[in-house]
Amino acid sequence: AELAFAAGRPVLIEKPLAADAASARRIAAKAAEHGLFAMEAMWTRFLPLMETARRDIEAGALGELRAFDAAFLRATKPNGANSLFDPERGGGALLNRGVYPLSLARFLMGPVTEVQCLARLAETGVDEDCSLMVRHASGAISTLRSSLRTSGEPPMVVYGTTGTLRFEGPVWRPLGAKIMSVTADHGMSAPARFETLRETPLAQQLSRKLQSLKALRNRARSLPAPLLGSGYQYEAAEVMECVGRGDLTSKIMPLSESIEILDVIEDARRTWQGGS
């Protein structure tokens, strides 16, 4: 990146922006020094679906935001020659895969104010499995998982007080999404003599039917999810437009957020490395 700036070239840098926050800040400083555009290539943010989802969230479609769940899990055979397992080359589940759900959590839920993390370490010292919990400035909590040793595509979901937003497809390229309205329980408890009746076969059968009726009432609304080609062109278009306008950073993926995300990753690492 610094060589490109010295040559007078704007830069699009593969995610994450750097291996650590200090390096990210150095990149941002050099870009500003040369008056050149720079951006992290977190291409998922630029998909039309993600911008539609954020607009709906900001418009109050889900009510008050309460939680976000997402994961990037892909099994990879342990190999010291593979950079994923090499701490000297920025290896680890959180930095390479967890950065996707973490970046989307920041994009959809807002700034992070608190970080907690658990990790299972490989023999090389990198995190093979990582569970990250962050609290956002709004009070909402995101639960984010990443792994180098197991595969799966658990749903990515945003939870609000009046609705939930469930994405379809992998976290790195969601292919669709639906908003489901939420019916709040009024919190009225039944008299004690009726509690035992709830466990009878007849009561359980009636309960299932009621749940089916609620599902019919809480109709889902699909969000438009246009996707042309591979999807990378939306990110490329943003770079070209920003450079054409003379912008030094993108409003969708600003350098300040890329640095903030790496700060969160370093805070998370300290919880399992025993640092202060």
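**First stop: a pair of helices**

Select helix H4 (93–109) and helix H8 (residues 255–273); the two pack at an angle of about 125°, with their axes 10 Å apart. Helices (H or I, at least four residues) and strands (E, at least two) are DSSP runs, numbered from the N terminus. Axes are lines fitted to C-alpha atoms, for helices over the stretch in contact, and angles run from 0 to 180 degrees between N-to-C directions. H4 and H8 are therefore oblique to each other; angles under 35 degrees count as roughly parallel, over 145 as roughly antiparallel, 65 to 115 as roughly perpendicular and the rest as oblique. Their crossing is right-handed (a crossing is left-handed if the near helix is turned anticlockwise from the far one by less than a right angle, and right-handed if clockwise).

Now show the side chains at this contact (heavy atoms within 4.5 Å). H4 contributes Leu94, Leu95, Val99, Leu102, Ser103 and Arg106, while the H8 side includes Ile261, Val264, Ile265 and Trp272. Of the residues in this contact, 10 are nonpolar, one is polar and four are charged. Here Ala, Val, Leu, Ile, Met, Phe, Trp, Tyr, Cys and Pro count as nonpolar, Asp, Glu, Lys and Arg as charged, and the others, Gly among them, as polar.

A note on the source: this is a predicted model, in which local features need pLDDT of at least 70 and side-chain atom pairs count only at pLDDT 80 or more, whereas totals for chains, interfaces and linings use all residues. Residues are numbered from 1 along each chain as its sequence is written, and side-chain values use heavy atoms, with hydrogens and water left out.

**The whole chain**

Zoom out to view the protein chain, which has eight helices and 10 strands. Of its 276 residues, 43% count as buried, meaning under 20% relative accessible area, with exposed over 50% and partly exposed in between (1.4 Å probe, protein chains only).

**The nonpolar core**

Next, select Phe68, Leu108, Leu132, Val158, Leu165 and Phe167, which touch the most other members of the largest nonpolar core, a group of 65 residues. H4 supplies the largest share of this core, 10 residues. Such a core is a set of buried Ala, Val, Leu, Ile, Met, Phe, Trp, Tyr and Cys residues joined through side-chain atoms within 4.5 Å.

Which residues does Leu108 touch, not counting residues up to four places away in sequence? They are Met50, Arg54, Ile57, Leu65, Phe68, Val158 and Phe167. Leu108 lies in helix H4 and counts as buried because its relative accessibility is 5%.

**Helix H3**

Move to helix H3 (residues 48–58), where Leu49, Met50, Thr52, Ala53, Arg54, Asp56 and Ile57 are buried. These buried residues pack against elements including S3, H4 and strand S7 (156–160). After H3 comes Gly60, whose phi is positive, near 90°.

**Two loops**

Select Thr76, in the loop between strand S3 (65–73) and helix H4. Is Thr76 buried or exposed? Thr76 counts as buried, at 17% relative accessibility. Leaving aside neighbours within four places in sequence, Thr76 is in contact with Asn82, Leu84, Phe85, Arg97, Leu148 and Arg149.

Finally, select Pro16, in the loop between strand S1 (11–14) and helix H2 (21–34). A cis peptide bond, with omega of about -20°, joins Lys15 and Pro16.
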